[in-house]
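I opened the file to see how this chain is held together. My notes follow in the order I looked things up.

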Amino acid sequence: AASAAGVSVKASGECPSPGTLGVGESCGGLVPPSAPTCDEGLFCQHQPGALCGAADAPGECVKIPASCPTTGDPVCGCNDITYANACAAARAQVGILDVGRCR
């Protein structure tokens, strides 16, 4: 149907709701309150070095994992809680301040 309408296909499946961002899109930072947010089932995750969104550093919309391994490389979340690994932080919908345990 897209081809018949002369439209390129960006991705398979339904389009996200207007005003929302999909997987891999930049989010967070210093944005106006009316700015789009991550689509349902996603959250805005900041990676190490992004200072949890301070100084307008963007995050990335990522899927919230259903489960994670219990061991791995610890990370310090943006909430100053140490998580077993990056997946566990994502499951808690928390960005990553730094690699390793929180101080």
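**Disulfides.** I searched the whole structure for disulfides and found five. This is a predicted model, and every value below is computed from it. I numbered the bonded cysteines in sequence order and read the pairing as 1-3, 2-5, 4-8, 6-9, 7-10.

I took Cys-38 and Cys-61 to begin with. Their sulfur atoms are 2.1 Å apart, and the two form a disulfide. The S-S torsion is about -85°, so I logged this disulfide as left-handed. The bond links distant parts of the chain: Cys-38 sits in strand E3 (residues 37–38) and Cys-61 in strand E5, 23 residues apart. Is each end buried or exposed? Cys-38 is buried at 15% relative accessibility. Cys-61 is buried too, at 0%.

Next I checked Cys-52 and Cys-78. They are joined by a disulfide with an S to S distance of 2.0 Å. The torsion about that bond is about -95°, so the disulfide is left-handed. Cys-52 is in the loop between E4 and E5, Cys-78 in the loop between E6 and E7, and 26 residues separate them. Cys-78 is partly exposed at 31%. Cys-52 is partly exposed as well, with a relative accessible area of 25%.

Then came Cys-68 and Cys-87, a disulfide with its sulfur atoms 2.0 Å apart. Its torsion is about -80°, so I noted a left-handed disulfide. Cys-68 lies in the loop between E5 and E6, and Cys-87 lies in helix H1 (residues 86–91), 19 residues apart. Cys-68 is partly exposed at 22%, and Cys-87 is partly exposed at 24%.

Which residues carry a positive phi without being glycine? One of them is Cys-52, with a phi of about 55°. Asp-80 has a positive phi of about 60° and is not a glycine either. Asp-80 belongs to the loop between strand E6 (75–77) and strand E7 (82–83). I found Asp-80 exposed, with a relative accessible area of 57%.

**Fold.** I counted one helix and eight strands in the protein chain. Along the sequence the pattern is β-β-β-β-β-β-β-α-β. The chain has 103 residues, of which 28% count as buried. I took contacts between residues at least 6 apart in sequence; 35% of these join residues at least 24 apart. The accessible surface is about 6,800 Å², with 55% belonging to carbon and sulfur atoms.

**Sheets.** I traced an open, three-stranded antiparallel sheet in the order E7-E6-E8. E7 and strand E8 (96–99) are at the edges with a single partner strand each, so one side of each has no neighbour in the sheet. E6 and E7 pair over two bridges. Val-75 has Tyr-83 of E7 as its bridge partner.

Another open sheet of three strands runs E2-E5-E4, also with antiparallel pairing. Its edge strands are strand E2 (26–27) and E4, each pairing on one side only. E2 and E5 are antiparallel and share two bridges. Ser-26 is bridged to Glu-60 in E5.

**Cores.** Which residues make up the largest nonpolar core? I listed six: Val-75, Tyr-83, Ala-88, Ala-89, Val-94 and Ile-96. Apart from that core lies another, of five residues, including Leu-21, Cys-27, Cys-38 and Cys-61. In soluble globular proteins, nonpolar side chains tend to be buried together. I also checked Ala-88: leaving aside neighbours within four places in sequence, Ala-88 is in contact with Cys-68 and Tyr-83.

**Pro-74.** I found Pro-74 in the loop between E5 and E6. Pro-74 is partly exposed at 28%. Its C-alpha atom is 4.6 Å from that of Asn-85, eleven residues away along the chain. Not counting residues up to four places away, Pro-74 touches Thr-82, Tyr-83, Ala-84, Asn-85, Val-99, Gly-100 and Arg-101.

**His-46.** My last stop was the loop between E4 and E5, where His-46 lies. His-46 is buried, with a relative accessible area of 10%; the cut-off for buried is under 20%. What does the side chain of His-46 reach at 3.4 Å? I found the backbone oxygen of Ala-57. A polar atom of the His-46 side chain also lies 3.5 Å from the backbone nitrogen of Gly-59.

Methods
Residues are numbered from 1 along each chain as its sequence is written. This is a predicted model: local features need pLDDT of at least 70, side-chain atom pairs count only at pLDDT 80 or more; totals for chains, interfaces and linings use all residues. Side-chain values use heavy atoms; hydrogens and water are left out. Buried means under 20% relative accessible area, exposed over 50%, partly exposed in between (1.4 Å probe, protein chains only). Helices (H or I, at least four residues) and strands (E, at least two) are DSSP runs, numbered from the N terminus. Two strands pair if DSSP finds at least two bridges between them. Contact means heavy atoms within 4.5 Å. Accessible areas come from the Shrake-Rupley method with a 1.4 Å probe; for residues, only the protein chains shown count as cover. A polar contact is a pair of N or O atoms within 3.5 Å; within protein, one must be able to donate a hydrogen and the other to accept it, and residues adjacent in sequence count only if both atoms are side-chain atoms. A nonpolar core is a set of buried Ala, Val, Leu, Ile, Met, Phe, Trp, Tyr and Cys residues joined through side-chain atoms within 4.5 Å. A disulfide is a pair of cysteine sulfur atoms within 2.5 Å.
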